[in-house]
Amino acid sequence: MEMETVILFSLLCKHAVADLAVQSFRIPTTKRLYFNKGLHLHALDHAVLTLLVLLVFFINPWLALAFAVLDYVAHWHIDCFKSKLLWIFEIPRDGALFWRIQTCDQILHYATYALIVYLIC
C-alpha cells in the first residue's frame, strides 16, 4: 500500500476520533461565534491529533506542526461557517437539509486532509 494512502486513512481515522469520540466529552458550544472557546478547543483537538499522526510517519516536526496549524485554521473556519449557516437559516438538526450541509462540511474536512497528503508527498 502506498504511504500516501496510509497517511490519508490515518488522518480520516483521526478525524472520526476528534469529531465523534473526543467531542462527546465536550460541553455543547456555540460554534457560530468566531472566537468561541469551545470551537477553538475542538479545532485544537484536531490540530494536536493531526500533529501526532504526522509525527508517527516521521514527517519533519516543523512541517508536521505547520500542517497541524493548517488543520486547526481549516477546521475552525469550516465548523464556524457551517454553524452560522445553520443558525442564520434556522435549519433544524433533524431535517434533510441539515444532513446535506453536514455532508459538505465533512467533504471540506476530507479535502483538507487530501491537501495535506498532497503537500507532504
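The crossing of helices α3 and α4 is right-handed. Helices here are DSSP runs (H or I, at least four residues), numbered from the N terminus. The model is predicted: local features need pLDDT of at least 70, side-chain atom pairs count only at pLDDT 80 or more, and totals for chains, interfaces and linings use all residues. Residues are numbered from 1 along each chain as its sequence is written, and side-chain values use heavy atoms, with hydrogens and water left out.

The α3 and α4 axes lie 10 Å apart, at an angle of about 165°. Axes are lines fitted to C-alpha atoms, for helices over the stretch in contact, and angles run from 0 to 180 degrees between N-to-C directions. The pair is therefore roughly antiparallel (over 145 degrees; under 35 counts as roughly parallel, 65 to 115 as roughly perpendicular and the rest as oblique). On the α3 side, the contact (heavy atoms within 4.5 Å) is made by F67, L70, D71, A74, H75, I78, D79, K82, L85 and L86. On the α4 side, the residues are F98, I101, Q102, D105, L108, H109, T112, Y113, L115, I116, L119 and I120. By class, the contact of α3 with α4 has 14 nonpolar, four polar and four charged residues. Ala, Val, Leu, Ile, Met, Phe, Trp, Tyr, Cys and Pro count as nonpolar, Asp, Glu, Lys and Arg as charged, and the others, Gly among them, as polar.

Helices α1 and α2 pack at about 150°, and their axes are 10 Å apart. They are therefore roughly antiparallel to each other. Their crossing is right-handed. Helix α1 contributes I7, S10, L11, K14, H15, V17, A18, D19 and V22 to the contact. Helix α2 contributes H42, D45, H46, L49, T50, V53 and L54. Eight nonpolar, five polar and three charged residues make up the contact of α1 with α2.

The largest nonpolar core has 10 residues: I7, L11, V53, L54, I59, A64, F67, Y113, I116 and V117. Such a core is a set of buried Ala, Val, Leu, Ile, Met, Phe, Trp, Tyr and Cys residues joined through side-chain atoms within 4.5 Å. Helices α1 (3-22), α2 (37-56), α3 (61-88) and α4 (96-120) each supply at least two residues of this core. The largest share, three residues, comes from α4. Beyond its neighbours within four places in sequence, Y113 is in contact with L8, L11, L12, K14, H15, H46, D71 and H75.

Q106 also lies in α4. Its relative accessible area is 16%, so Q106 is buried (under 20%; exposed is over 50%, partly exposed in between, with a 1.4 Å probe and protein chains only). Leaving out residues up to four places away in sequence, Q106 touches H15 and D19. A47 lies in α2. A47 is buried, with a relative accessible area of 8%. With residues up to four places away again set aside, A47 touches A68, D71 and Y72. The C-alpha atoms of A47 and A64 are separated by 9.9 Å, and the two residues are 17 apart along the chain.

F58 is found in the loop between α2 and α3. F58 is exposed, with a relative accessible area of 75%. E90 is found in the loop between α3 and α4. E90 is exposed, at 69% relative accessible area.

Conventions. A crossing is left-handed if the near helix is turned anticlockwise from the far one by less than a right angle, and right-handed if clockwise.
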